[in-house]
Amino acid sequence: MKNNKVFKMAVTAMFTAMIFVLTRFVSIPVASGYVHFGDALVYLAASTLGGPWALFAGAVGEMLADVAAGYFTYAPATLIVKALLAIPFVIVNKKSEKILTPLTALLTIPAGVITVGGYFAADLIIDKVYALVDIPGNLIQAAGSAVIFIILAAAFDSGKIKKKLFIDEK
């Protein structure tokens with residue numbers, strides 16, 4: 001029997017690292033920053049780990065990517081936006097044996113709204129000039145992350161990863 005808390009800490013650390021790498025190093029530069037697909041792993045972490053574990057992995061992984069890329073001023077906003085991004089997936093999919101459901105696929109839409117709206121609000125505080133300039137890049141990021149999440153979630157589900165690793169409290 002595995003120690004559930006230690007296991008979740010280890011998987012959280014793994015997701016944090018993967019989110020950091022996919023955000024920082026698998027990115028496309030745009031006018032005011034970069035577009036990345038780390039959000040897809042935030043959705044995946046939230047759909048498997050749940051609760052504070054997923055919030056930590058998403059928020060810290062992406063915030064560290066901002067810091068590593070030199071976007072220090074966005075780090076606090078990223079911490080908040082990415083934690084908020086995970087919440088709908090945590091609420092809806094925690095008890096399901098599947099990661100990809102019609103509902104989780106649809107949750108990528110409000111998640112995209114959280115991303116676009118959250119960074120729009122942050123830009124209004126940090127630098128109003130970029131508030132509108134950032135919207136297209138954030139829309140592309142949200143759409144790309146949705147597609148990547150659906151692909152990864154389907155792959156995880158075909159291997160029954162969530163059931164094998166995370167649903168053991170019966």
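Keep in mind that the model is predicted. The helices to watch are α4 (residues 75-93) and α5 (residues 102-126), plus α6 (130-158).

**α4 against α5**

- The axes of α4 and α5 lie 9 Å apart, and the two helices pack at an angle of about 160 degrees.
- Angles over 145 degrees count as roughly antiparallel, so that's the label for α4 and α5.
- Their crossing is right-handed.
- On the α4 side, the contact residues include Val 81, Leu 84, Leu 85, Pro 88 and Phe 89.
- Across from them, α5 brings in Leu 103, Leu 107, Ala 111, Ile 114 and Tyr 119, among others.
- Sorted by type, the residues of this contact come out as 13 nonpolar, six polar and one charged.

**α5 against α6**

- Here the packing angle is about 155 degrees, with the axes 9 Å apart.
- That angle makes α5 and α6 roughly antiparallel.
- α5 crosses α6 in a right-handed way.
- From α5, the residues that meet α6 include Gly 112, Val 116, Phe 120 and Leu 124.
- From α6, the list includes Tyr 130, Ile 135, Leu 139, Phe 149 and Ile 150.
- The tally for this contact is 14 nonpolar, six polar and two charged residues.
- Thr 104, Thr 108, Thr 115 and Tyr 119 of α5 are listed in the contact with α4, and they turn up in the contact with α6 too.

**The largest nonpolar core**

- This core has 25 residues, and the ones touching the most other members are Phe 15, Leu 44, Leu 49, Phe 89 and Phe 149.
- At least two core residues come from each of α1 (4-24), α2 (38-48), α3 (51-69), α4, α5 and α6.
- α2 gives the largest share, with seven residues.

**A closer look at Val 116**

- Val 116 belongs to α5.
- Its relative accessibility is 14%, and since buried means under 20%, Val 116 counts as buried.
- Val 116 and Ala 142 are 26 residues apart in sequence, yet their C-alpha atoms are 8.0 Å apart in space.

Methods. Residues numbered from 1 in each chain as written. Predicted model: local features only at pLDDT ≥ 70, side-chain atom pairs only at ≥ 80, totals over all residues. Heavy atoms only, no water. Axes fitted to C-alpha atoms, helices over the stretch in contact; angles between N-to-C directions. Helix = DSSP H or I, 4+ residues; strand = E, 2+ residues; numbered from the N terminus. Parallel < 35°, antiparallel > 145°, perpendicular 65-115°, else oblique. Left-handed = near helix turned anticlockwise from the far one by under 90°. Contact = heavy atoms within 4.5 Å. Nonpolar A, V, L, I, M, F, W, Y, C, P; charged D, E, K, R; others polar. Core = buried A, V, L, I, M, F, W, Y, C linked by side-chain atoms within 4.5 Å. Buried < 20%, exposed > 50% of the residue type's maximum accessible area, 1.4 Å probe, protein only.
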